[in-house]
Amino acid sequence: MRLGVLDVGSNTVHLLVVDAHPGARPLPAHSHKVELRLAQLLDEDGAIGHDGVDKLIAVVHEARQAAEDKGVEEMLPFATSAVREASNADDVLARVKDETGVELQVLTGAEEARLTFLAVRRWFGWSAGKLLVLDIGGGSLEIAYGIDEQPDAAVSLPLGAGRLTAGWLPGDPPAPDDVRALRRHVRAQIARTVGEFSRFGAPDHVVATSKTFKQLARIGGAARSTEGLYVQRDLKRQALESWVPKLAEMTTAQRAALPGVSEGRANQLLAGALVAEGAMDLFGVQTLEVCPWALREGVILRRLDHMGTT
């Protein structure tokens, strides 16, 4: 069947259409993406403003129309941290449903981590052994660890690249004191969780997902996206550590000129790099591999699993 997964994230609203059936790898058929930056549309009370809600409704309506045009039989719509943590989340969800007919399922941070872990496990298979999975979104950082399809430990931290940029790095380029303050904050947050994972022992394979990690790997020398999904792409901590001070001195426009960095994500790249560097350092990771599959694929795979048991 043709499935559509609609991901209302902190940075983008992304419709991914796939041809899928139980027991087979989902095949992408269409992608429709709009940068909305919900995480940066919150007001002082933590609510998504009226203008932001109007924009969200328009984008969801557009995505639903695109799904219908592509023959999607079933839509799997969900929202992550920006909607989840908005003080007016219930009102936003009600308006979206009333005006578009789309009922967004709000995922918890732990659910995000578990579904991303499922996607990574299916991509690499059982031979990958114990996996440590890192995912930097616009609003949160997810960390998961395990040997099965369900992780033994999964946490979500408020360390998304968009959230941190808006809250900690106002300058362009940012002030050195602001960068140092954010670095301390990131590492203190991550350090609190390390013990929860270290009791399970060292992972056999460390994997990262998300646009942030893909861009960091690319500027660190990994293959271009045009070379295909199946080319291995690694991010080495040594390369990342050499890039962080350079990124801190660059303007958004200068970062956007780097290979593989999109103009819309360039302003968030430094915050994302600080989170990636902190996680790799505190978890003792020298090299990680970037996985093409992440949360959206996890949502699709879970739905296919349910179809296979009914």
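I started with helix α4 (residues 109–124): its 16 residues reach 23 Å from first C-alpha to last, close to the 22 Å expected at 1.5 Å a residue. That expected span is 1.5 Å times one less than the number of residues. Helices here are DSSP runs of H or I with at least four residues, strands are runs of E with at least two, and both are numbered from the N terminus.

I noted the ground rules: this is a predicted model, local features need pLDDT of at least 70, side-chain atom pairs count only at pLDDT 80 or more, and totals for chains, interfaces and linings use all residues. Residues are numbered from 1 along each chain as its sequence is written, and side-chain values use heavy atoms, with hydrogens and water left out.

**Entry: burial of α4.** I found α4 mostly covered, with twelve of its 16 residues buried. Buried means under 20% relative accessible area, exposed over 50%, and partly exposed in between (1.4 Å probe, protein chains only). Among the buried residues are E112, R121, F117 and W123. Just after the helix, G125 takes a positive phi of about 85°.

**Entry: the sheet.** I traced an open sheet of five strands in the order β3-β2-β1-β4-β5, with mixed pairing. Its edge strands are β3 and β5 (105–106), each pairing on one side only. Two strands pair if DSSP finds at least two bridges between them. β4 (residues 74–79) and β5 pair in the parallel sense over two bridges. I looked up A79 and found V106 in β5 as its bridge partner.

**Entry: backbone angles.** I checked R37, a residue other than glycine, and its phi is positive, near 55°. R37 sits in the loop between β3 (27–35) and α1 (50–69). S210 is not a glycine either, yet its phi is about 100°. I placed S210 in the loop between β9 (205–209) and α7 (211–219). S210 counts as buried because its relative accessibility is 11%. The peptide bond from D172 to P173 is cis, with omega near 5°. P173 lies in the loop between α5 (161–168) and α6 (176–198).

**Entry: cores.** I took a nonpolar core as a set of buried Ala, Val, Leu, Ile, Met, Phe, Trp, Tyr and Cys residues joined through side-chain atoms within 4.5 Å. The largest has 49 residues, and I143, I190, L216, L247 and L288 have the most contacts inside it. Helix α10 (residues 269–282) gives the most to this core, with nine residues. Another core, of 26 residues, lies apart from it and includes V17, L56, V96 and L104.
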